[in-house]
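Biologist: Let us go through this model term by term. I will ask what each label rests on.

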Amino acid sequence: MNIAFDFGITNTDIVVENKLENEFFSFPSKHVDEDFITQIFDSINLNLKKVRNIAVTGGKSSNLNDEYMGIPVTKINEVDAIGNGVMKLYNTGDEPFVAISAGTGT
């Protein structure tokens with residue numbers, strides 16, 4: 001299982017990648033630190049023993065440690081995360097596309 005966090009100014013969005021499907025969650029953003037991650041994991045009743053990797057992007061996620069409770073934390077540039085997310089979620093393959101990030105600043 002893999003987890004991805006997008007730490008936005010207003011909301012923190014999470015996707016949990018399971019073998020069968022992706023689960024999506026959203027929480028009001030707080031200070032980006034391990035305590036906030038722990039609160040989210042507790043809220044969604046996640047079994048950390050099954051998590052192989054945590055990917056993070058957005059607001060100050062680069063300040064996180066490279067590991068959370070023994071799980072690697074991969075830091076991804078936000079623009080790359082948007083493009084890669086579109087390609088994966090919508091199976092774009094090599095087809096050209098335009099991705100728009102329409103966050104609260106729009």
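Biologist: How much space lies in the largest pocket?

Modeller: About 1,300 Å³. This is a predicted model: local features need pLDDT of at least 70, side-chain atom pairs count only at pLDDT 80 or more, and totals for chains, interfaces and linings use all residues. Residues are numbered from 1 along each chain as its sequence is written, and side-chain values use heavy atoms, without hydrogens and water.

Biologist: What makes a set of points a pocket?

Modeller: On a 1 Å grid over the protein atoms alone, a 1.4 Å probe must fit, and the set must be open, with protein on both sides within 12 Å along at least five of seven lines. Lining residues have an atom within 4 Å of a point. Here 39 residues line the largest pocket; those closest to its centre are Asp-6, Thr-57, Ala-81, Ile-82 and Gly-85.

Biologist: Which element gives the most to the lining of the largest pocket?

Modeller: H2, with 8 residues. H2 spans 78-89. It is a helix, which means a DSSP run of H or I with at least four residues.

Biologist: Why is Asn-45 called exposed?

Modeller: Exposed means over 50% relative accessible area (1.4 Å probe, protein chains only). Asn-45 has 70% relative accessibility, so Asn-45 counts as exposed. Asn-45 lies in the loop between H1 and E4, and its phi is near 50°, a positive value in a residue other than glycine.

Biologist: Why does Asn-91 count as exposed?

Modeller: Asn-91 has 67% relative accessibility, so the label is exposed. Asn-91 lies in the segment after H2, with phi near 45°.

How values were computed
Grid points are joined across faces, edges and corners, and a volume is the space filled by probe spheres set on the points. Helices (H or I, at least four residues) and strands (E, at least two) are DSSP runs, numbered from the N terminus. Buried means under 20% relative accessible area, exposed over 50%, partly exposed in between (1.4 Å probe, protein chains only).
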